[in-house]
Amino acid sequence: MAKVAIMGFGTVGSGVYDIIKTNREKLYRNTNGEMVDIKYILDIRDFDDHPEKELFTKDFNDILNDSEVTVVAEVMGGLHPAYEFTKSLLESGKSVVTSNKELVATYGTELLDIAREKNVNYLFEASVGGGIPIIRPMHQCLTANNIKSIAGILNGTTNYILNEMIKKGKTFDDALKDAQNNGYAERNPAADIEGHDACRKIAILSSLASGYAVDYNDIETEGITNITLDDVKYASAMNSVIKLIGYAKLFDDGKIYSIVSPMLVKNSSPLAGVDGVFNAILVTGDCVGDVMFYGAGAGKLPTASAVVADIVDAVKHFERSKKIMWVKPENNIMASSEDKSFAYFVRTTASADDVAKVFGKCEFVDNVVAGESAFVTAEMTGSEAKEKFSKLDIVSGIRILD
């Protein structure tokens, strides 16, 4: 029998409990005859009405010092004390699985090193894409490929907001309020709408794809707070939609360019039809070409299902590290905006003649807003775009996903 513990009994933690209890026989078969049994649930709150209230503890040491516990699910969220607890558990020879993207993106390199040294596992399928399988497919199914690029809708909250603007004509503020009322956005939605959540996720995927630690602090990040209903209307007129995209380009010389930004996505792209709170990740390999992973990017049971899958994996690989890893690079591996060019959709109050003087040949778009010139540029590097934008009164400039 495999004894496990759950740290944190919020939305995801309670989902982990429910799945383990509901699908006991399925888990038994998939662990080659090991019954998964919950021994502890760590939470600072009281759960006196819970049918198994005897499982709850407020003392982390109960878990750390119990030799029977071999796998721990860390679903507390945040950096502290999740980092200290996870590090101690790995050092004591216990495997840890997590949905905590912030922890993986910040301390993943160190924690993976400890897991490898102690011959245990640190698994984090649920940290990117919620219930969507992406970490394991990239580590195993696509291992024969050199990953060339990743482009993903990695945040369900922003996708829901943009979808409400696109499909229902809501303003950004109204769509955000609706997302909050429906429980899709936090009262303080900054991590979502400013792009930080997606940034951590693309950092994890970039690290996994390259084998080198990508620091999310090095990733240019722009949220959707400046996207207006007029931008959405222009995109629709161009047979496109606006999505918040986590993007990574891996170059042959080992450099990585990564960015989180609103982008125009053509309706012909498989990413364009991803609606609501769903996520999708388009991965391009040198052998397989394009493959897309799609599904619920958050939620109690979708995320918990990925956590439980990692628990099963850790039980099956007891005392055998799966070698999911990346290493800290000796040199700077981050490419700059000079190494990756984008075409831009631009709105300006300048005349078409003035636009032509600055941007040269470009493709003009029928006006949605009177008194504006709207157009698509040729591909430009970051510095070229910045320099040209500075010469005109720019209303908005949005990258176009290639």
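## Basis

The model is predicted: local features need pLDDT of at least 70 and side-chain atom pairs count only at pLDDT 80 or more, while totals for chains, interfaces and linings use all residues. Residues are numbered from 1 along each chain as its sequence is written, and side-chain values use heavy atoms, with hydrogens and water left out.

Ser258 lies in strand β10 (256-266); strands are DSSP E runs of at least two residues and helices are H or I runs of at least four, numbered from the N terminus. Ser258 counts as buried because its relative accessibility is 4% (buried is under 20% relative accessible area, exposed over 50%, partly exposed in between, with a 1.4 Å probe and protein chains only). Its side chain reaches the backbone oxygen of Tyr247 at 3.0 Å.

Asp253 is in the loop between β9 (240-250) and β10. With 61% relative accessibility, Asp253 counts as exposed.

## Helix α14

Gly382 is in helix α14, which spans residues 382-389. At 21% relative accessibility, Gly382 is partly exposed. Its C-alpha atom is separated by 5.8 Å from that of Glu338, 44 residues apart along the chain.

## Backbone geometry

Most residues other than glycine have a negative phi, and most peptide bonds are trans. His80 and Pro81 are joined by a cis peptide bond with omega of about 10°; Pro81 sits in the loop between β4 (69-74) and α4 (82-91).

Asn119 has a positive phi, near 60°, and is located between α5 (101-118) and β6 (122-123) in a loop. Asn239 also has a positive phi, of about 55°. Asn239 belongs to the loop between α11 (229-237) and β9 and is exposed, with a relative accessible area of 54%.

Key
Polar contact = N/O pair within 3.5 Å; in protein donor to acceptor, adjacent residues only side chain to side chain.
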